[in-house]
Amino acid sequence: MTARPPVYEKFREVQEELDRSGAAIFRDHDGVESLVIRSPYSINYIHSYAEDSEFFLALADGKLRGSKCTAKKCGYVYATPRGHCMECGAPTQWVDLPLKGRLHSWTTCHFGSEAFLKETPYNLALVEFDGVGSVLLARLKDCTESELYVGMPVEARFSPTPKYSITDVWFVPARSEA
Amino acid sequence: MAEPPAGSDKPYEAAALGAAGSIMPARSRTRTPRRPIRRKTARPAASGNRGRKVYMVTGGLTKFAKAHPAMDFRLMVRRAYDYALKGIPNLTKDRIDGTRISYFSDHFTRQLKAASMVQDYLGMNPKGSVRIEWGGATGGECFQAGYEAVASGRMDVCLAAGFETMSRVATWKGNEFIALASDTNYDFPLGGFYTGYYALMVIRHIYEYIRRTKFAGITDEREAQRRAIAEGQRIMSKVSVKNHLNALHNPYAQYPKRLTVEDVLRSEMISYPLTREQICTMSDGAAVAIFCDETRAREFTDKPIRVIGVGTGTDTMRLADRPFGRVPLMPREKPSDYADLKYPGVHSFRAGRAAGIEAYRMAGITNPNRELDFIELHDAYASSEIQTYEDLGLCKYGEGYDFVERGDPFLKNVDYGFPVPNAGAIPVNPSGGLIACGHPVGATGLMQGVFAFWQLQGTIRKHFGDRALQIPNARRGAIHSHAGTGSAVTVSILERGFRP
């Protein structure tokens, strides 16, 4: 390249230039010039669900699997699975969770990470279940921000085409009380 | 919520003490304990007497900015380091025994072992060093790592340095990197968005503490919650106004701004109910603090500041796993204050409470509002500033919103555009906090340390070129650093180590 990259005094313009040509010069208030280049990076991880595998396989069968502590004196039940109990340290076993619960809390995200921006706005919910000592984070669909409230009954829906992700399950407002 | 099984309802107090006791007690080198320390029973820690006395003798930082394209992380740290050493002729590189260097994310830096490059650039080789990382609390952990190196007797002089270069990716990619600090099996794939997680927490906080009190009389659940949220948003906006306005007098701040409550409420909705002006931004920046023992502290400066208390706490990585147990109590609280409260749930930061209890106990503090002159706390969100007032015992759980309305955390000599009757009671984030100063993660906790240091030295005017933020005769202050959804928190307490 014979010509120097174009010079900008606004960092936003530098970013735009990188999208176009891959190189720009930023000049700051003191007249100092810095060369800035675009540097791409992408990777496909080999991600094992390991001891959590059962949960993600069960979603494909339309089931929610939680964990129950095997210690008789403890018996803590977790809506989000974990291999060992956080209270007493004993191993847990798999249990079926109810498919109906209530909103423990919720929000509507109008922005998100780059990977999820195209899905905005989307709702997140922490769902509580009777007889279970912890909650589950999930997407909440088929409803609008204005109808949501803490305590609202919700029920699970499962993807007919599983991607083996936590997004294979989501919740909708329940037709009947949980 | 279902009752948690009996096992989860253990008094947290005992658990917190167990954790504190497991930290290697730093003792004078000549004294050895006759028998192993028993950890079965809870016992109060010796107050302020764990190891050697440690002083902070100087600090420095770069301005925090959206981007510093003319400085990479090495040069940023070098600038902060040069500033710290300026005016202390006896404190030269050869007097520094080793370093602790912090940054949060290799993703942002796209350079593994970036801390080694800082060590190298400062010419510190072959002295000892280690990289510190603990999410959003990275800077606070680095501050304490520097303290510990001296308290243990391993070093006489330790440099703690932190930085972050978040400008290396676009904002929404940056949000994605930060969200990788949430469980990548269960949390990240749902939207990977930290503002969303804090929104979930504050919706529940508002439900517990506004809906169930102020609006208890309204039977329409939806209507009552809607009004409670509007009330919460209005009060959170006052925190945002406070921090942005304070920062107008802080030349290091990234976003000083004159705002009204209406401006904050009208700014873009990011994740309901949090608006853009209630959330901190991405930043580039660096900060350093230098710690040493008493002898060297007196040699280097006539205004040393002693670190009299340190505390740390942790909680589950996943919000969804937070238990529903009992509140670990601060000195002025009784179990009956919280008879009906399931704690921490997702509404409060148990790690912050644990860190506060440990640090207060070590510093011998029983009434933080009276015994502290200011607090620099981790306000990544206006909501988490209010939640943190309660964790740190500045008010009881449930009183955080009233605490703002009364004006306790506001400065006396700043006009906020609304009445703040108790202003000056216990100023919180006099510097402007993360919301207005920015949050270059690995530097943030150290930045708080530097601001607190200058406050206690009484040198705010010298460093800011403006005395508006100087708290008159500040004798003792606290800094508070916080990682993802409260999964880790540090609290450190600093005290003037000289007679003014």
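1. Helices (H or I, at least four residues) and strands (E, at least two) are DSSP runs, numbered from the N terminus. Keep in mind that this is a predicted model, where local features need pLDDT of at least 70, side-chain atom pairs count only at pLDDT 80 or more, and totals for chains, interfaces and linings use all residues. Residues are numbered from 1 along each chain as its sequence is written, and chains are lettered from A and ligands numbered from 1 in the order in which they are written.

2. Chain B, overall. Its secondary structure comes to 17 helices and 13 strands. The radius of gyration (taken over C-alpha atoms; the globule rule is 2.2 Å times the number of residues to the power 0.38) is 22 Å for chain B, close to the 23 Å that the rule gives for 500 residues, so chain B is as compact as a globular protein of that length. The C-alpha trace of chain B spans about 70 × 55 × 50 Å along its principal axes.

3. The sheet of chain B. Nine strands form an open sheet with mixed pairing, in the order E3-E2-E4-E7-E1-E8-E13-E12-E11. At the edges sit strand E3 (128-132) and strand E11 (374-376) of chain B, each of which pairs on one side only. On average, neighbouring strands of this sheet are turned by 25° against each other, direction ignored. For all such angles, axes are lines fitted to C-alpha atoms, for helices over the stretch in contact, and angles run from 0 to 180 degrees between N-to-C directions.

4. Strand E1 (residues 55-61) and strand E7 (residues 284-292) of chain B pair in the antiparallel sense over six bridges.

5. Contact here and below goes by C-beta atoms placed from the backbone, which must lie within 7 Å.

6. H7 against H13. The axes of helix H7 (residues 194-211) and helix H13 (residues 382-391) of chain B come within 10 Å and cross at roughly 50°. The two are therefore oblique to each other; angles under 35 degrees count as roughly parallel, over 145 as roughly antiparallel, 65 to 115 as roughly perpendicular and the rest as oblique. The crossing of H7(B) and H13(B) is left-handed, that is, the near helix is turned anticlockwise from the far one by less than a right angle (clockwise would be right-handed). Tyr198(B), Val202(B) and His205(B) in H7(B) meet Ser383(B), Ser384(B) and Gln387(B) in H13(B). The residues of this contact divide into two nonpolar, four polar and no charged, where Ala, Val, Leu, Ile, Met, Phe, Trp, Tyr, Cys and Pro count as nonpolar, Asp, Glu, Lys and Arg as charged, and the others, Gly among them, as polar.

7. H7 against H8. Here the axes come within 9 Å and cross at roughly 105°, and H7(B) and H8(B) are therefore roughly perpendicular to each other.

8. The interface. The contact takes 44 residues from chain B and 55 residues from chain A. Helix H6 (171-179), H7, helix H8 (221-246) and strand E5 (269-271) of chain B are the elements that give two or more residues to the side of chain B that touches chain A. H7(B) gives the most, with six residues. That side of chain B divides into 24 nonpolar, 10 polar and 10 charged residues.

9. Chain A. Two helices and 11 strands make up its secondary structure. Chain A has a radius of gyration of 24 Å, whereas a compact globule of 178 residues would be near 16 Å. Its C-alpha trace spans about 75 × 40 × 35 Å along the principal axes.

10. Backbone spots to check. A cis peptide bond joins Asn125(B) and Pro126(B), with omega about 5°; Pro126(B) is in the loop between helix H4 (114-121) and E3 of chain B. Another cis peptide bond joins Tyr272(B) and Pro273(B), with omega about 10°.

Definitions and conventions. Two strands pair if DSSP finds at least two bridges between them. Two residues are in contact if their C-beta atoms, placed from the backbone, lie within 7 Å.
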